Amino acid sequence: MKSSNLTPIKVGLLGIGTVGSGVFNVLQRNQEEILRRAGRGIEIAMVADLDTARAQAVVGPNVQVVNDARAVIANPEIDIVIELIGGYGIARQLVMEAIEAGKHVVTANKALIAVHGTEIFAAAHRKGVMVAFEAAVAGGIPIIKALREGLTANRIEWIAGIINGTTNFILSEMRDKGLDFDVALKDAQRLGYAEADPTFDIEGVDAGHKVTIMSAIAFGIPVQFDKAYVEGITQLNAQDIKYAEQLGYRIKLLGITKRVANGVELRVHPSLVPAKRLIANVEGAMNAVMVQADALGTTLYYGKGAGSEPTASAVIADLVDITRLNSADAAQRVPYLAFQPDAMSDAPILPMSEVVTSYYLRLKVADEAGVLARVTGLLAEAGISIDGMLQREADDVGGAGSTQTDLIILTHDCVEAKMNAAIAKIQNLPTVLAPITRIRKEELA
Ligand code: HSE
């Protein structure tokens, strides 16, 4: 049958803010091309939003707007429910109800999938419906598609991503303008790059949700946000960004997941990255994800990680997938987390103390004989090898005649527990005058 002879698949939208409006507008604008790809029209038939007047103004008079999301879920004509409410309160309840009602679900909700994914996928599997979440990770970049399908031949080794645009914008401003974190955050808020309450972004939680989802798909493990190590950028200062630069590195907030012999690393924290890597040069609010896979080698996926139409691009890609596969047997569909539900791995997420990485250390020390020897002696005793060092002239650090200086040490790889113990000992030296700054370093080679 010609695609144009099929009736359009009907979609209900829960929440029509920035992303929802983008979905509606892009679907309208590109409907002919989308029909040629999907083989069937896709129609937003019903919208639920608390602000019905604003919602009606976005979708026009021909789309039914209600203020009760459950009326959308209860509508037997609706095949797909798009959840764009966010958070894991009411959004979780509505997604579970939509699944129970036999609807396919598309969501951009990273928190929901990272925290409650296991429960959601189990329910969807029982009901034989699809749950698609391309927009939940890195906005418009089709990274879920790439990991789940494009790289399906590969054994994925690690993923490292700049997956939070707000913090990348702040870090870019700190580097470009020599600003400290607090000042750069205020600028980002003034320019609309950071929310009034930026906690989830600056504390690394948003990136933690996203890397949790990628980790599950890459390694066939359940989503386990509760086991992720999450550290944000609030402690960074302009000085460390400058020292890192002098040593040939940029500081980025990375979401990292890695398969190692005894389990899986899952972590978000600021990292020094060699300035010559492409990913180190991702600036402003852009996102990028680097994937190391055994057959293909390294790939880098770059683009807009937020915004109305970029995120809508990902939501609509999911709508097209579901439209194509709607009539297919559930067993023919791509599994939610890339691996068949009965073939998931129980590889444990490693605690941070067992993670192996290299480090940047900054010590404020008394500028006197033997200080460096005592510090390097304690590192040597712990079996930690030094990769590079930088010592500032005392006058540069504390002004003319200063008796203090900054000592910057780059180490080779060592297990974090060992580094913690060494730092505690070094911190106890009377010649170490302030809390030691430690930033992890990833070569991404
Ligand atoms: N707040 C996120 C960011 C976008 O700054 O990248 C949505 O996840």
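Two strands count as paired here if DSSP finds at least two bridges between them. With that in hand, take S2 (residues 42–48) and S3: they run parallel and share three bridges. Keep in mind that this is a predicted model.

**The open sheet**
- Six strands line up in the order S3-S2-S1-S4-S5-S6, with parallel pairing.
- At the edges sit S3 (64–66) and S6 (131–132), each of which pairs on one side only.
- Helix H13 (residues 308–325) packs on this sheet and touches S1 (9–14), S2, S4, S5 (104–107) and S6. The direction of H13 makes about 165 degrees with that of S5.

- You'll find Glu83 in strand S4, which covers residues 80–83.
- Glu83 is buried but has no salt bridge. Lys110 is the nearest side chain of opposite charge, and it is 9.7 Å away, whereas a salt bridge needs the charged atoms within 4 Å.
- What does the Glu83 side chain make a polar contact with? The side chain of Thr107, at 2.6 Å.
- Beyond its sequence neighbours up to four places away, Glu83 touches several residues, including Leu14, Ala91, Val95 and Leu112.

**Around S17**
- S17 (residues 437–441) is mostly covered, with four of its five residues buried.
- S10 (residues 263–274) runs parallel to S17 and is joined to it by two bridges; Ser271 has Arg440 as its bridge partner.
- S13 (residues 356–366) pairs with S17 in the antiparallel sense, over five bridges. Here, Leu361 is partnered with Arg438.

Note on methods
Residues numbered from 1 in each chain as written. Predicted model: local features only at pLDDT ≥ 70, side-chain atom pairs only at ≥ 80, totals over all residues. Heavy atoms only, no water. Buried < 20%, exposed > 50% of the residue type's maximum accessible area, 1.4 Å probe, protein only. Lys, Arg positive; Asp, Glu negative; His and termini not counted. Polar contact = N/O pair within 3.5 Å; in protein donor to acceptor, adjacent residues only side chain to side chain. Contact = heavy atoms within 4.5 Å. Axes fitted to C-alpha atoms, helices over the stretch in contact; angles between N-to-C directions.
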